[in-house]
Amino acid sequence: MNTAPAPSAAAGEPRWLTDEEQRVWRAYVDATTLLEDHLDRQLQRDAGMPHVYYGLLVKLAEAPRRRLRMTELAKDAKITRSRLSHAVARLEKNGWVRREDCPSDKRGQFAVLTDEGTEVLRRHAPGHVNAVRQAVFDRLTPEQQKSLGEIMGIIAEGLQPSGAGADLPWLR
């Protein structure tokens with residue numbers, strides 16, 4: 001039970017969550033934590049990689065010529081450049097990704113999905129999509145799926161300000 005005071009209109013006072021808001025928030029945190037763990041375990045077991053690495057391979061597979069600038073890949077994956085660099089190093093070690101220098105920018109690099117990385121995706125995509133389907137989509141009606149997509153889109157949009165000085169992971 002929420003023991004915090006009711007929402008206050010006084011200046012400087014926190015707008016405490018109502019009991020219902022607290023229930024929704026905790027359900028969201030529990031679900032997202034459990035979902036990420038579920039997908040990580042499935043991919044570690046079946047493909048020997050964490051979910052975030054799989055997501056990077058997918059983003060590269062969907063990119064023109066299977067390549068993206070590292071800065072663009074960090075933005076698409078919603079991760080810090082440091083975390084991306086570490087992940088790409090591990091994917092390179094496995095032979096699934098290679099880096100190429102950017103000819104137009106001496107400091108820039110591309111991440112490129114290799115043929116071996118493409119094959120890893122081809123082999124493991126069916127198991128992964130099955131895990132996603134069982135964990136999320138098979139539990140929801142089509143209307144709930146649509147609502148979930150709309151809600152998550154609104155939240156994501158609100159957390160990605162476009163102004164200068166925005167504190168976003170891929171800018172760190």
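Predicted model: local features only at pLDDT ≥ 70, side-chain atom pairs only at ≥ 80, totals over all residues.
Axes here are lines fitted to C-alpha atoms, for helices over the stretch in contact, and the angles between them run from 0 to 180 degrees between N-to-C directions. Helix H2, residues 51-62, packs with helix H3, residues 70-77, at an angle of about 120°, and the two axes lie 10 Å apart. H2 is therefore oblique to H3, since angles from 65 to 115 degrees count as roughly perpendicular and only those over 145 as roughly antiparallel. The crossing of H2 and H3 is right-handed. On the H2 side, the contact is made by Leu56, Lys59 and Leu60, and on the H3 side by Leu73, Asp76 and Ala77. By class, the residues of this contact comprise four nonpolar and two charged, with no polar ones.

The space in the largest pocket comes to about 1,600 Å³. Its lining counts 36 residues, and those nearest the centre of the pocket are Tyr28, Thr32, Leu35, Leu148 and Met152. The biggest share of the lining comes from H1, which gives twelve residues.

Notes
Residues numbered from 1 in each chain as written. Heavy atoms only, no water. Helix = DSSP H or I, 4+ residues; strand = E, 2+ residues; numbered from the N terminus. Parallel < 35°, antiparallel > 145°, perpendicular 65-115°, else oblique. Left-handed = near helix turned anticlockwise from the far one by under 90°. Contact = heavy atoms within 4.5 Å. Nonpolar A, V, L, I, M, F, W, Y, C, P; charged D, E, K, R; others polar. 1 Å grid on protein atoms, 1.4 Å probe; cavity = no way out; pocket = protein on both sides within 12 Å on 5 of 7 lines; lining within 4 Å. Points joined across faces, edges and corners; volume = space filled by probe spheres on them.
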